[in-house]
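Good morning. I will go through one structure and keep to what can be read from its coordinates. Please have a look at it first.

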Amino acid sequence: MHHETHSATPYDMHADAMAAVDAAMAQAQASGRHVLLVMGANWCHDSRGLAGLLETPRFAALVDRSYVPVFIDAGKPREDAANNMEVARRFGVDKLIGTPNVFILTGEGERLNPLDDVTGWTDAASRDEDTIYAFLAAMAPQAR
């Protein structure tokens, strides 16, 4: 099921990416949520599709409850023009092969999803919505 109708452009190539990540981690720590870090690009159909999907009511409710979302511009990794790689490296990812990339992080900065998952989201726009929802629900902090 394609979600062509949702297309958001939240990847700001001029933002201070590390500061944005730090702020999201502080917010996550304070609220008991995880950080949902998406490294993508506004030129990328899959990055925009994923961001748009996260803004739909069904996903927004889950994200608001469980995550602090942060969108970081990744440039064009396939053309060796990756942007903000220091953010990816901070969480143990040395190379981005495409966009988008999804990191699930604790407020302390521990990455919870494996490397192949982080870099495996390049087909995000063609993924089944229910599959994405189930993943985010499963990775959410469990209510204590």
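**Loops, helices and a few residues**

I start in a loop: Asp80 sits between strand 3 (75-76) and strand 4 (81-82). Helices here are DSSP runs of H or I with at least four residues, strands are runs of E with at least two, and both are numbered from the N terminus. Before going on, the origin of all this: it is a predicted model, where local features need pLDDT of at least 70 and side-chain atom pairs count only at pLDDT 80 or more, while totals for chains, interfaces and linings use all residues. Residues are numbered from 1 along each chain as its sequence is written, and side-chain values use heavy atoms, with hydrogens and water left out.

Back to Asp80. Its phi is near 55°, which is a positive value in a residue other than glycine. Is Asp80 buried or exposed? Asp80 is exposed, at a relative accessible area of 68%. For these words, buried means under 20% relative accessible area, exposed means over 50%, and partly exposed is in between, with a 1.4 Å probe and protein chains only.

Asn84 also has a positive phi, near 60°, and is not a glycine. Asn84 belongs to the loop between strand 4 and helix 4. Asn84 is buried, with a relative accessible area of 11%.

Now the whole protein. There are six helices and five strands, and from the N terminus on they run α-β-α-α-β-β-β-α-β-α-α. The C-alpha atoms fill a box of roughly 45 × 35 × 25 Å along the principal axes. For 144 residues, a compact globule would have a radius of gyration near 15 Å, and the protein, at 14 Å, agrees with that. That radius is taken over C-alpha atoms, and the globule rule is 2.2 Å times the number of residues to the power 0.38. Of the 144 residues, 49% count as buried. Taking contacts between residues at least 6 apart in sequence, 70% join residues at least 24 apart; contact means heavy atoms within 4.5 Å.

Next, helix 2, residues 45-54. How many of its ten residues are buried? Eight are, so helix 2 is mostly covered. Among them are Asp46, Ser47, Gly49 and Leu50. The buried residues of helix 2 pack against strand 1 (34-40), helix 3, strand 2 (67-73), strand 5 (101-105) and helix 6.

Thr56 is buried, with a relative accessible area of 11%. The Thr56 side chain reaches the backbone oxygen of Leu53 at 2.6 Å.

On to a helix pair. Two packed helices are described by the angle between their axes and the distance between the axes. The axes of helix 3 (residues 57-66) and helix 6 (residues 129-139) come within 11 Å and cross at roughly 10°. Axes are lines fitted to C-alpha atoms, for helices over the stretch in contact, and angles run from 0 to 180 degrees between N-to-C directions. Helix 3 and helix 6 are therefore roughly parallel to each other, a label given to angles under 35 degrees. Which residues meet? From helix 3 they are Arg58, Phe59, Leu62 and Arg65, and from helix 6 they include Glu129, Asp130 and Tyr133. The residues of this contact divide into six nonpolar, no polar and four charged. Here Ala, Val, Leu, Ile, Met, Phe, Trp, Tyr, Cys and Pro count as nonpolar, Asp, Glu, Lys and Arg as charged, and the others, Gly among them, as polar.

Last, two single residues. His34 is in strand 1 and counts as buried, at 12% relative accessibility. A polar atom of the His34 side chain lies 3.0 Å from the backbone oxygen of Met139. Asp123, in the loop between helix 5 (115-118) and helix 6, counts as partly exposed at 33% relative accessibility. The side chains of Asp123 and Arg127 are joined by a polar contact of 2.8 Å. A polar contact is a pair of N or O atoms within 3.5 Å; within protein, one must be able to donate a hydrogen and the other to accept it, and residues adjacent in sequence count only if both atoms are side-chain atoms.

Technical notes
Parallel < 35°, antiparallel > 145°, perpendicular 65-115°, else oblique.
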